Amino acid sequence: NGDGGNGDGGNGGGNGGGGVGCKPDVYTYTSAIDALGRSSDRSAAADTAERILNDMERRHEETGDPSVRPNVRTYTAVIAARARSATDPERAESILKRMENMSSSASSSSSSASTGQGRRNDDVRPDVVCYNAVLNAWARAPSSAHPDKALRAREVYDRMIALYESGENRSARPDGVSLGAVLNACAFTDPSDLDDDDDRDDNDDDAVVSSSSGARADRAAVLDVCVTTLELAASRSPALGRPNAGERDAANSRVVTHTSNTAARSALAPDEEETTASSSLSSRSSSSSKSDGSVKAQAFNTAPSDTPSGRADRFSPLSYSAIMRS
């Protein structure tokens, strides 16, 4: 409708504007990516979302158009789509690292403040929601393809803490969602996918090791991630979130899952074995101590001294005793 001669002068001027039409911007693209991430064909949707992101970056670099420059919400939507697809957590983390590099390179440049580049790159600085999306990507990944996923999730969690405490990125402070995602990475690691041959040497070529840290991925490593992550969050509560009874119960069930059935379950009293995955922490901590008082009482005394008696977020004797038995 570029013919300005049709209609009155007002309509003619409007219709004769050269057909600019509706131009998509970063908000349009981000909404489309978010919708893709929630579609049923999640694997294909994640690939499409990433292609859109790459196209946005290319268009911004070629044209300098700020309206199509991806922001932290755009990148987070792509990472979340990848997490929901449960296909490639390493690609999700690579997007996060791209964001970290972009934001850190701007903040470290002495000239960025005067040009405004530093402020613009703050728009892509990852926050806790973005990091949690990466943690969820590791938690949802199949352990058959990623047996080291609990270790990789813990690495991201530790990076969040380091960035927050150093002041480099105060928005990276972990929360309860972060903790839950790391615990889920432990929970959904199938023990049969891990390296638990005691006769193997740590340098054995057949050993399952983390592709990032080189650490051996076995049940002991997953147990360590589970318990130490919960302890870390609890010891710094509420700064890193406040672990609740549900999260502690979940951690206890992970401990039993990744502890040898013959070594740990046979050592548990019948009432403990039945209630490990379902009972509340407070009721279990009082009843289980009766059957194995010395070990559990000693373990319970390792809880922080400022934890009120009966609180739902107190340390569990079962977690420590299961570790010692294994």
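## Helix 11

In this predicted model, the buried residues of helix 11 are Ala 221, Val 222, Leu 223, Val 225, Cys 226, Val 227, Thr 229, Leu 230, Leu 232, Ala 233 and Ala 234.

As for its dimensions, helix 11 runs over residues 219-235, which makes 17 residues. From its first C-alpha to its last it reaches 24 Å, close to the 24 Å expected at 1.5 Å a residue.

Let's move to helix 2, which covers residues 26-37 and includes Thr 30. The relative accessible area of Thr 30 is 15%, and because the cut-off for buried is under 20%, Thr 30 counts as buried.

Who are its neighbours? Leaving aside residues up to four places away in sequence, Thr 30 touches Asn 71, Arg 73, Thr 74 and Ala 77. With one of these, Thr 74, there is also a polar contact between side chains, at 2.7 Å.

## The chain as a whole

Stepping back, the chain holds 17 helices and zero strands. It has 326 residues, of which 44% count as buried.

Contacts across the sequence are worth a look too: among those between residues at least 6 apart, 68% join residues at least 24 apart.

Note on methods
Residues numbered from 1 in each chain as written. Predicted model: local features only at pLDDT ≥ 70, side-chain atom pairs only at ≥ 80, totals over all residues. Heavy atoms only, no water. Helix = DSSP H or I, 4+ residues; strand = E, 2+ residues; numbered from the N terminus. Buried < 20%, exposed > 50% of the residue type's maximum accessible area, 1.4 Å probe, protein only. Polar contact = N/O pair within 3.5 Å; in protein donor to acceptor, adjacent residues only side chain to side chain. Contact = heavy atoms within 4.5 Å. Expected span 1.5 Å × (residues − 1).
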